[in-house]
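My notes follow, in the order I looked things up.

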Amino acid sequence: MTTETTKVKPQEALTDWQRAQFAVDHSNRVLLYGLPGTGKTYFGLNAGKTKQAYRLICTEEMTDADLIGCYKQNSQGTWSYAEGVGIKAWREGARLVVDEINRMNGDVESRMMALIDSTRSSSWQHPDTGEIVTPHKDFSVVATMNGEPEDLAPAILDRLIVRCQVNTPHPDALVSLPDYLRPLAIKMTCPSQGIDRQSLRSFVEFHSMYQASGNLDYTAQVIFPSNHKDITALLKVETQKATLEVAREILK
């Protein structure tokens, strides 16, 4: 997942995803925010292909164990400290993708703040060994959220200075959709089309359900209940086009 951002002339406006790519290429703390279902998590896990990426999904119930680690009992009945994904990412110089960072509860906010702080300011002491662990020089963070950065606590926001708004679907995600579904997905996942916007996940699920059932009408009613008639009509046209293309290839 690379782009030619380094070759873009200064006067040319970057797209959402070109900005995001440039940001992760040149910063180790990036916040991606905007509409849901555009591919922010996928991008965070794969952009630039870091050697390793760990995903942390923030919830209201999350605890220090999710970020840092906790004591666990093994099959022999011995208790030992199992490090969380944050410390693993520190040690390995991996990328930590913090999903839905705005859903983090206040109890772990200070831990998260320390975890994503600058490499020079962060350290953690192992409770068993006393070892002082600091982030590897290659450690990086890509945080994602739906909504606006102002929804975050000021202390967290201060550690995510590089912020990219992405409201359009990632090109790789669109390409992964089948041909018959792609034109409709492009139209319905963009916020400026004057129609009810849909997440890319809706189209991935639509294709899966349609493949399993073979019933286009019913699948549209389940996935897109509010405008299923129009969507069914459009998709019938697209599937007919796709069938004709296959026939032409066979007859060549």
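**Burial and surface.** I started with burial: 40% of the chain's 252 residues count as buried (buried is under 20% relative accessible area, exposed over 50%, and partly exposed in between, with a 1.4 Å probe and protein chains only). I kept in mind that this is a predicted model, where local features need pLDDT of at least 70 and side-chain atom pairs count only at pLDDT 80 or more, while totals for chains, interfaces and linings use all residues. Residues are numbered from 1 along each chain as its sequence is written, and side-chain values use heavy atoms, with hydrogens and water left out. The chain exposes about 13900 Å², and carbon and sulfur atoms supply 51% of that area (Shrake-Rupley method, 1.4 Å probe; for residues, only the protein chains shown count as cover).

**Elements and contacts.** I listed 11 helices and 9 strands in the chain; these are DSSP runs numbered from the N terminus, with helices being H or I of at least four residues and strands E of at least two. I then looked at contacts, meaning heavy atoms within 4.5 Å. Among contacts with a separation of 6 or more, 66% join residues 24 or more positions apart.

**Cores.** Which residues have the most contacts inside the largest nonpolar core? I found Ile101 and Met112, in a core of 31 residues. A nonpolar core here is a set of buried Ala, Val, Leu, Ile, Met, Phe, Trp, Tyr and Cys residues joined through side-chain atoms within 4.5 Å. Elements giving two or more residues to this core are strands S1 (29-34), S2 (53-57), S5 (95-99) and S8, along with helices H4, H5 (109-115) and H6 (154-157). I clicked on Met112 and, leaving out residues up to four places away in sequence, saw that it touches Leu56, Cys58, Leu67, Val98, Met104 and Ile156. A second, separate core has 16 residues, including Leu177, Leu181, Leu216 and Ala220.

**Helix H10.** Leu216 and Ala220 sent me to H10, where Leu216, Thr219, Ala220 and Ile223 are buried. Seen down the axis of H10, the buried residues fall within an arc of 100 degrees, so they line one face of the helix (the arc is that of the directions from the helix axis to the C-beta atoms). Tyr218 and Val222 are exposed on the other side of H10.

**Aromatic pairs.** I counted 8 aromatic pairs. Rings of Phe, Tyr and Trp (its six-membered ring) pair if their centres lie within 6.5 Å; planes under 30 degrees apart count as stacked, over 60 as edge-to-face, and the rest as tilted. Trp90 and Phe139 have ring centres 6.5 Å apart and planes at 80 degrees, so I noted them as edge-to-face. This pair links distant parts of the chain, 49 residues apart: Trp90 is in helix H4 (residues 85-92), and Phe139 is in the loop between strand S7 (132-133) and strand S8 (140-146). Trp90 is buried at 2% relative accessibility, and Phe139 is buried at 0%.

Next I checked Phe206 and Tyr210: their ring centres are 6.2 Å apart with planes at 45 degrees, so this pair is tilted. Both lie in helix H9 (residues 200-213), 4 residues apart, about one turn of the helix. Phe206 is buried at 0%, whereas Tyr210 is partly exposed at 21%.

**Salt bridges.** How many salt bridges does the structure hold? I got 10, counting a side-chain nitrogen of Lys or Arg within 4 Å of a carboxyl oxygen of Asp or Glu.

- Arg91 and Glu83 meet at 2.9 Å, N to O; Arg91 is partly exposed at 35%, while Glu83 is buried at 19%.
- Glu83, Arg91 and Glu131 are linked in a network of salt bridges.
- Asp179 and Arg182 meet at 3.0 Å, N to O; Asp179 is exposed at 54% and Arg182 partly exposed at 25%.
- Asp217 bridges to Lys236, with the closest N and O atoms 3.7 Å apart. Asp217 lies in helix H10 (residues 216-223) and Lys236 in helix H11 (residues 228-251), so the pair ties together parts 19 residues apart in sequence. Asp217 is partly exposed at 31%, and Lys236 is partly exposed at 39%.
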